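Thanks, everyone. I'll keep this short. Please have the viewer open as I talk.

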Amino acid sequence: MNASILWIFLPMGAGTILLFLRNERWVAFVAGSLSALLALIAWLLPIENAYAIGNYAFKLSSTFEILGRRLILTANEQPMLTLIYGAAAFWFIASSSIGKAHRLIPLGLIVTGLLVASLAVEPFLYAALLIEVAVLLTTPLLLPPHQKPGRGLLRFITFQTLAMPLILFTGWLLRGIEADPGANALIRQAAILLGIGFVFLLAVIPFHTWIPLLGEESSPYLTGFVFWVFPTFALLFGAGFIDRYAWIRTAPQLPSILSAVGALMVAGGGLLAAIQNNLGRILGYAVLVETGFSLLALSLLEAQGIELFFLLFVPRLIAMGLLALGLETLKKDAAGLDFAQVRGLARPWPFAAASLLLAALSLAGLPALAGFPIRLAIWESLATVSLPATAWTLVGSLGLGIAALRAAAALVAAPAQAAWEARESWPERLFMSLGWLVLFGLGAFPQWMIPLLNRLPAIFEHLGH
Amino acid sequence: MLILLPTLFLLITALALLLLRLGKPQFRYGWLTAASGTILTVAGVFLWRIGFPYEYGLPAWQPATIFHYSPAWLADGFSWPYALALAGLSAAVIWTSIVRAESDPLTWAASLLVTAFGLLAVSAANPLTLVLAWTAIDLVELVAMLRSTQNPDQTEGVMVAFAARLLGTALVLWAAIRSAAGGVRMDFASIPPEAGLYLLLAVGLRLGILPLHLPYQQETNIRRGFGTILRLVSAASSLALLTRIPSRAIDTPLTPYLLVLTALGGLYAGWMWLRASDELTGRPFWLLGMAALALSASLRANPAGSAAWGLTLSTGGGFLFLYSARQRGSLWLALLSGLGLSALPFLLAASGWPSGSTALAVFILPYLPIQALLMAGFVRHALHPGEVSLESQPGWARGLYLFGLLLLIAIQILLGLWGWEGAAVVGVWWAALASLGMAAGLLVLGLRFLSRTAPAGSGGRWADILRLNWLYRFLWGLFRLAERLGRALTGAIEGEGGILWSLLLLVLLLSLFAGGGR
């Protein structure tokens with residue numbers, strides 16, 4: 001048995017088969033169970049160990065060769081696989097409660113498999129191609145049949161596609177640098193190309209426009225999945241670059257560039273979120289803020305920064321999932337997600353409205369919610385390096401908090417005679433309540449993430465060591 | 001662990017009430033359960049004094065290399081009086097509810113929950129614990145207020161109040177971050193000087209006094225008992241922080257200006273309190289006026305004095321807001337409670353007037369009228385006929401009700417004598433006498449000549465100026481301008497030519513960075 005078959009080809013194959021299964025619940029059940037099982041296996045069974053089930057003995061081997069390239073998943077990557085497939089299970093299972101399982105799951109599984117492959121492929125640069133294929137497969141996921149693509153989707157494909165040649169070209173330059181490490185001109189060119197490539201890939205301001213546009217025009221839950229999966233993999237891919245190449249890792253400008261871009265994204269994203277009148281766009285700007293915090297964590301470089309980088313993943317997953325679930329639920333009763341269209345919907349849909357508010361406030365770093373402990377740690381660490389950058393990130397977080405409160409004010413502004421009720425289905429209520437519990441639980445006890453955190457930094461050979 | 005015992009009593013009682021309400025709606029001993037829980041809580045707070053002072057923390061946040069703070073609580077001379085006042089308040093709310101039409105176990109459970117969070121806030125040992133408890137209180141208040149408001153204006157007020165509280169919380173975080181930048185980890189046993197002013201502003205902002213803002217134009221139809229708990233616990237949890245700020249930490253050139261600003265807010269609040277139609281309508285102004293006095297003590301380098309005013313706010317205010325069933329014979333109770341506000345020697349507020357700095361002692365003068373207005377208003381509202389007549393209540397209900405009120409008065413007297421080191425003092429006796437004299441005059445004026453203003457939110461041009469509405473309108477205008485600019489920018493880069501604009505912006509940014517690197 002090969003690890004790549006288990007964590008790359010099996011989900012992709014399952015996704016292809018599920019395309020033909022029409023029953024929403026079955027699709028969600030099969031995909032959710034498979035993803036949870038893959039997460040569990042990644043947690044419990046180390047790669048390169050031999051196992052026996054009855055008379056059947058097998059070994060999980062790490063390397064898989066295909067078309068002259070290699071896919072390598074070692075024991076070091078297993079905590080990351082746990083995180084990715086655990087998160088996929090979360091998205092897939094909850095999708096059944098809002099009737100989005102069939103739209104999301106088959107392609108979602110294939111995209112997840114491709115993105116895992118992007119982290120496993122050798123030579124490393126082929127990841128850009130795999131990411132591009134995943135981006136293209138996202139189109140039918142986001143776009144209902146017979147509907148014209150909106151500006152957000154087109155721009156998403158355009159910007160992500162622009163990133164690919166830049167990163168591939170960097171790879172070509174890198175061979176020259178490996179041959180002659182002293183070639184400063186070549187290093188500078190590679191750094192600029194790589195930087196611009198990642199600016200596109202990570203939707204750094206001003207190349208972020210696809211995010212709010214997509215948030216406005218597409219299904220919130222499906223968009224939420226895309227907003228979670230692509231930035232997460234792009235960040236891991238980027239961190240992998242830093243880890244792999246000493247000339248990047250040791251560049252004296254790297255921390256200040258990462259910190260400047262991170263602060264720009266947090267402050268810009270937060271302030272722009274504060275002036276939005278559409279809930280989907282607010283979700284989009286929250287993604288920018290999150291990416292910004294990840295870059296800020298990376299800018300700290302030391303072990304502490306890498307731990308923070310990984311600690312951000314779980315609260316982000318829960319908050320974005322809950323936010324997307326809340327929005328999708330509200331959208332059942334509204335023509336769109338403009339404030340005017342959702343006015344007063346908190347009374348008939350209190351679980352969805354509360355989920356939206358709590359998730360947005362968690363992303364803003366409200367104390368007692370999951371996002372807070374990590375943000376506080378980032379602020380404290382960053383303050384020792386740059387107080388102005390810290391102040392800007394605090395302003396950005398406040399901006400996102402204002403956006404959340406403006407949204408809440410619109411949602412609760414009902415006519416006096418409107419009664420409080422709960423129109424959410426029981427599964428929706430269950431998922432949302434569980435989400436609240438996790439948000440509050442991680443906000444008060446962030447050490448619950450320690451088992452995952454202890455193993456995650458092993459993905460990197462140099463970063464954080 | 002003793003420090004968490006009262007909180008556990010409250011949480012267990014609240015949970016029991018909730019489960020009983022859901023599982024056995026006909027259960028007849030809900031009140032008895034709640035009342036017993038609160039009495040145990042009061043007793044539990046007294047247990048704090050065993051092995052006093054001490055700190056207790058939950059298991060540390062891990063990894064310790066990242067998380068420098070963990071939730072921890074401190075039982076000492078300043079957290080104990082606040083805890084006792086809050087525990088007494090919750091007991092009084094439950095015991096006096098017998099004469100009000102408040103028999104919903106869910107409301108009692110909510111009151112106990114808020115008090116539990118309040119206890120966690122007033123005993124917080126570090127900024128992390130404080131902001132966690134503050135946020136818990138704010139979220140409960142947000143939910144309660146949103147459920148009780150009916151019109152969009154009130155809803156907007158609720159959101160503005162929540163936003164102001166969050167800003168206050170952010171200021172505490174900023175104080176901690178500033179300390180971290182200086183290589184010092186801030187805890188309440190040692191607040192670095194650069195953090196003091198931020199903490200003070202955080203308290204001012206949360207209480208609505210610095211800068212003056214009144215998000216609740218009028219009280220909602222929230223129940224008297226729960227409303228009292230909500231408002232007073234929230235205020236006390238903020239004021240408790242003032243006792244932690246050492247005087248050297250707010251020794252800045254801004255102090256005199258802050259004292260003047262606070263005095264203006266306090267005078268306005270005191271006047272509106274005196275004029276209010278009843279004590280519930282005037283409650284926001286009571287909180288503002290007392291908060292102004294507490295802040296002024298802190299600004300005059302007398303952090304212990306802030307506790308004197310803060311505790312008077314909770315116990316004296318608690319008494320008046322719960323004193324809903326009245327009769328002539330019970331008026332002496334109100335006068336006794338009101339006397340605690342007078343700052344006469346050995347009474348609770350006596351340590352409120354001394355100043356830690358002789359240069360700032362003169363600043364007590366503008367605050368004397370504030371105290372006088374608050375006292376006069378207190379007596380005026382106490383003289384007003386209550387919601388129901390006490391005579392109409394059965395004997396056992398009268399007994400339970402009076403026990404609740406007497407508990408608050410007893411705590412008020414006890415804290416004045418034994419609350420903290422230096423509580424029982426003569427104080428500035430001439431200031432107390434002067435304000436008492438002024439209060440007598442104002443009371444006569446109030447009773448004879450002043451009409452009661454109906455909605456607390458009303459007011460003319462002066463009110464508009466004093467409430468800084470002009471400033472908020474200006475800030476709102478700035479926000480709208482920023483909104484328009486932001487939309488124009490967003491429209492440009494998201495429009496048809498957006499990709500070109502984005503590329504242009506990128507080139508500009510790159511050239512900026514390249515220039516900076518040179």
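Predicted model: local features only at pLDDT ≥ 70, side-chain atom pairs only at ≥ 80, totals over all residues.

**Interface, domains and a sheet**

The C-alpha centres of its domain 1 and domain 2 lie 47 Å apart. Domain 1 of chain B covers residues 2-467. Domain 2 covers 476-517. Those bounds come from an automatic or database domain assignment.

Now the interface. How many residues of chain B are in contact with chain A? The count is 42, and they meet 39 residues of chain A. Which elements of chain B give two or more residues to that side? Four helices of chain B do: H5 (127-148), H6 (152-181), H17 (469-494) and H18 (498-517). H6(B) supplies the largest share, with 14 residues. As for composition, the side of chain B that touches chain A has 24 nonpolar residues, 13 polar and 5 charged.

Next, over to chain A and a sheet. Three strands of chain A make an open sheet, ordered S3-S4-S5, with antiparallel pairing. Which strands stand at the edges? They are S3 (63-66) and S5 (121-122) of chain A. Each has a single partner strand, so one side of each is left without a neighbour in the sheet.

Strand S4 of chain A spans residues 69-72. S4(A) pairs with S5(A) in the antiparallel sense, over 2 bridges. And which residue does Arg70(A) stand opposite? Its counterpart is Glu122(A), in S5(A).

To recap: 42 residues of chain B touch chain A, H6(B) gives the largest share of that side, and chain A holds the open sheet S3-S4-S5. Happy to take questions.

Technical notes
Residues numbered from 1 in each chain as written. Chains lettered and ligands numbered in written order. Contact = placed C-beta atoms within 7 Å. Nonpolar A, V, L, I, M, F, W, Y, C, P; charged D, E, K, R; others polar. Pairing = 2+ DSSP bridges.
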